[in-house]
Amino acid sequence: MSSATTPPGATRPGHLTLDAEALYAELLRGVRMLRESDTYLAGIASGGAWLAERLQKDLGLPGQAGVLSSVMHRDDFSQRGLASSAQTTLPFDVNGADILVLDDVLYTGRTIRAVLNELFDYGRPSRVRLAVLVDRGGRELPVAAEFAAARVALPPTQSLALARNEAGAFHFDVKEV
């Protein structure tokens, strides 16, 4: 698809017709199916962390979900530097844990690789799985989500990210990069 055409689901840069709240409901259903009684949730900063926080509440789980930062393990660290993203916070013992990592958008797989390196800095989980709100394809690494609420195709010249308003409702931002 050329970058001059509008991808399916997009109306103009900055707006996507996908209903983020409806996709969240689908993600909630998927996480209910994947989650076992001893599964911990950990979201990738920032969109994945928002999802994990809300899922933790909506599933009635005690405590807080973990937050994973990819900053220190990114392969483009020299270009991006230290972003003002959240720090990794894991309110559970990683060793032997069953961890469900959550992210808003799965694209190249590089953020997932960085987050896995970060996670293993904290210990050795027994199992790590991935659930995402949107899988946009375009993988550069052999990474796959066990659950994706939606799959969309966007040209490489656009980025897709979850956003939320002051009330906490989710929506998507599409930007030209």
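I took helices (H or I, at least four residues) and strands (E, at least two) as DSSP runs, numbered from the N terminus. The model is predicted: local features need pLDDT of at least 70 and side-chain atom pairs count only at pLDDT 80 or more, whereas totals for chains, interfaces and linings use all residues. Residues are numbered from 1 along each chain as its sequence is written, and side-chain values use heavy atoms, with hydrogens and water left out.

**Entry 1. Overall layout.** I read the order of elements along the sequence as β-β-α-β-α-β-α-β-α-β-β-β-β.

**Entry 2. Burial, surface and contacts.** I looked up burial, where buried means under 20% relative accessible area, exposed over 50%, and partly exposed in between (1.4 Å probe, protein chains only). Of the 177 residues of the chain, 46% are buried. By the Shrake-Rupley method with a 1.4 Å probe, for which only the protein chains shown count as cover for residues, the accessible surface of the chain is about 9,100 Å². Carbon and sulfur atoms hold 50% of that surface. For contacts (heavy atoms within 4.5 Å), I noted that 66% of those with a separation of 6 or more join residues 24 or more positions apart.

**Entry 3. The nonpolar cores.** I treated a nonpolar core as a set of buried Ala, Val, Leu, Ile, Met, Phe, Trp, Tyr and Cys residues joined through side-chain atoms within 4.5 Å. The largest has 30 residues, and Leu27, Val31, Leu41, Leu55 and Leu133 touch the most other members. Two or more residues each come from α1, α2 (47-58), β5 (98-106), β6 (127-135), β7 (147-151), β8 (158-164) and β9 (170-176). Helix α1 gives the largest share, seven residues. Leaving out residues up to four places away in sequence, I found Leu27 touching Leu51, Leu55, Leu102, Ala131, Val132, Leu133, Phe147 and Ala149. Another core, of 18 residues, lies apart from the largest one; Ala97, Val101, Val115 and Leu130 are among its members.

**Entry 4. Two loop residues.** I turned to Ser37, in the loop between α1 (20-34) and β3 (39-44). Ser37 is exposed, at a relative accessible area of 74%. Its C-alpha atom is 9.8 Å from that of Leu61, 24 residues apart along the chain.

I then examined Glu146, in the loop between β6 and β7. Glu146 is partly exposed, with 48% relative accessibility. Beyond its neighbours within four places in sequence, Glu146 contacts Leu34, Arg129 and Leu130. The C-alpha atoms of Glu146 and Leu34 are 8.5 Å apart, although 112 residues separate the two along the chain.
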